[in-house]
Amino acid sequence: MTDVEGRALPTALVQAVERHGFVLPGADARAGLGSVLVAAAGSVLTGTSPAGAASLDGVVGAWTTAQERLGVPTAPRVCVVLVDGLGHLNLAERSGHAPFLRRASAGSEPVTSTFPSTTATALGTFGTGVAPGGTGMLGYTVRVPGTGALANLVQWSGAPEPEEFQPHASTLELLVGAGVPVTSVGPARFAGSGLTRAALRGAHYVPAESLADRVDAALRALREPGLAYLYWGDVDKVGHHQGVGSHAWGDALADADAEIARLARSLPRGTVLVVTADHGMVDVDPAQRWDVATDPRLAADVALVAGEPRASHVHVEPGVPLERVRDTWRDVLGDAALVLTRDEVVGAGLLGPVTDRVLPVVGDLMVAMTGAATVVDTRTQTAASLDMVGVHGSLTPQEMLVPCIVVA
């Protein structure tokens with residue numbers, strides 16, 4: 001098995017693909033989740049402002065390629081809805097709760113999330129069209145180069161300024177620069193937040209709390225040509241607290257489906273609706289959890305564990321032979337995890353092209369969990385995060401495949 005450039009993949013990765021069905025992200029971010037907003041941008045830019053296209057130089061070609069790949073028709077109005085945590089397989093398994101999305105998704109193909117398959121990483125790529133190896137947004141938490149501090153990229157605590165840490169322009173920012181009206185609709189607390197500034201900066205932000213209010217805000221914005229982006233997080237929230245197999249998750253999906261159906265019915269004629277997600281989710285087993293804080297074998301020679309329970313960045317103490325730590329983690333975790341060195345991760349293209357700026361953010365080891373297993377570190381993780389039933393971040397199909405539903 002080789003990557004897109006014909007290089008042999010690490011044996012351990014090939015075995016994980018064959019044994020656990022791991023799904024690998026595309027080496028080009030625009031082949032997966034990073035293509036969705038880019039495709040929508042190409043659609044609305046061509047449909048509203050041909051003159052603005054010239055000002056974007058070579059960007060437009062990549063946008064139209066993504067547009068054609070995903071089958072998004074040209075339109076003067078586009079609405080993109082991202083339902084946090086709604087994996088393609090999660091939706092398929094509970095499709096009885098989502099009659100509109102079930103019908104609308106007939107014949108559509110999923111796209112791949114990022115690795116790690118987690119909100120901060122996925123939104124960075126979704127918002128910019130740049131792979132994680134270029135954005136540096138490599139997990140729920142990351143080690144900051146230079147300081148060694150553990151930064152939280154969802155709350156944006158302990159991290160440098162967002163525009164410094166993630167310098168690439170967002171797709172929304174580029175659209176606004178080309179003269180296209182862009183509205184972003186989400187909770188008030190996300191207006192001007194670090195994650196918004198890092199991944200989705202540039203749009204006119206409209207705060208709204210309930211999904212019904214967000215749908216109404218998007219409909220008001222699209223009375224005129226342009227792009228509206230709507231975020232909904234309750235499906236993910238319920239999945240974390242009660243699991244994707246719970247009755248509550250089915251109810252949350254049904255609520256989202258009903259409002260998205262109303263949005264589709266109410267959009268102006270000729271508007272394109274695109275529904276996607278950042279990642280899927282699996283319910284985990286507390287009996288299959290390893291804690292670095294209490295397991296001296298995993299803690300030995302490890303300076304810091306970043307990331308999340310399903311996808312960890314293991315930073316090794318300086319001067320320690322990396323192979324020794326790698327072999328220990330492989331022995332302890334066994335078939336419950338794929339453990340790769342930084343060189344193997346980068347060489348396999350799991351993060352896309354990795355820049356020199358981002359390379360120190362990548363763990364000396366990266367650990368992707370299988371089945372229902374997790375690795376935690378109770379020295380740095382909150383009690384609430386340890387109690388989560390549904391989690392994500394790894395390379396399983398449930399976590400990696402997300403819907404891309406186009407309604408025209």
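Ser117 touches His279, His392, Gly393, Ser394, Glu399 and Met400, residues up to four places away in sequence not being counted; contact means heavy atoms within 4.5 Å. Ser117 sits in the loop between strand E2 (111-112) and helix H7 (119-128), and counts as buried at 0% relative accessibility. Buried means under 20% relative accessible area, exposed over 50%, and partly exposed in between, with a 1.4 Å probe and protein chains only.

This is a predicted model, in which local features need pLDDT of at least 70 and side-chain atom pairs count only at pLDDT 80 or more, while totals for chains, interfaces and linings use all residues. Residues are numbered from 1 along each chain as its sequence is written, and side-chain values use heavy atoms, with hydrogens and water left out.

**Overall fold**

- The chain has 19 helices and 18 strands; these are DSSP runs numbered from the N terminus, helices being H or I with at least four residues and strands E with at least two.
- The radius of gyration of the chain is 20 Å, close to the 22 Å that the globule rule gives for 408 residues, so the chain is as compact as a globular protein of that length. The radius is taken over C-alpha atoms, and the rule is 2.2 Å times the number of residues to the power 0.38.
- Along the principal axes, the C-alpha atoms fill a box of roughly 60 × 45 × 40 Å.
- Among contacts between residues at least 6 apart in sequence, 76% join residues at least 24 apart.

**Surface and charge**

- Of the 408 residues of the chain, 57% count as buried.
- The accessible surface of the chain is about 15,400 Å², and 52% of this belongs to carbon and sulfur atoms. Areas come from the Shrake-Rupley method with a 1.4 Å probe, and for residues only the protein chains shown count as cover.
- There are 28 positive and 42 negative side chains, and the centres of the two sets lie 5 Å apart. Lys and Arg count as positive and Asp and Glu as negative, with His and the chain ends not counted; the charge is placed at NZ of Lys, CZ of Arg, CG of Asp or CD of Glu.

**Helix H14**

- The 20 residues of H14 (residues 247-266) should span 28 Å at 1.5 Å a residue, and the end C-alpha atoms are 29 Å apart, which agrees. The expected span is 1.5 Å times one less than the number of residues.
- Buried residues in H14 include Trp249, Leu253, Ala256, Ile260 and Leu263.
- An α-helix has 3.6 residues a turn, so residues three or four places apart point the same way.

**Loop around Pro187**

- Pro187 lies in the loop between strand E5 (182-186) and helix H11 (194-199), and is buried at 1% relative accessibility.
- Beyond its neighbours within four places in sequence, Pro187 is in contact with Tyr205, Ala208, Glu209, Arg214 and Tyr231.
- Tyr231 is 44 residues from Pro187 along the chain, and their C-alpha atoms are separated by 8.4 Å.

**Backbone geometry**

- Most residues other than glycine have a negative phi, and most peptide bonds are trans.
- A cis peptide bond joins Phe115 and Pro116, with omega about -5 degrees; Pro116 is in the loop between E2 and H7.
- Trp156 has a positive phi, near 50 degrees. This residue lies in the loop between strand E4 (150-152) and helix H9 (162-165) and is buried at 12% relative accessibility.
- Asp301 has a positive phi of about 70 degrees. Its place is in the loop between helix H15 (296-299) and strand E11 (302-308), and Asp301 is partly exposed, with a relative accessible area of 28%.
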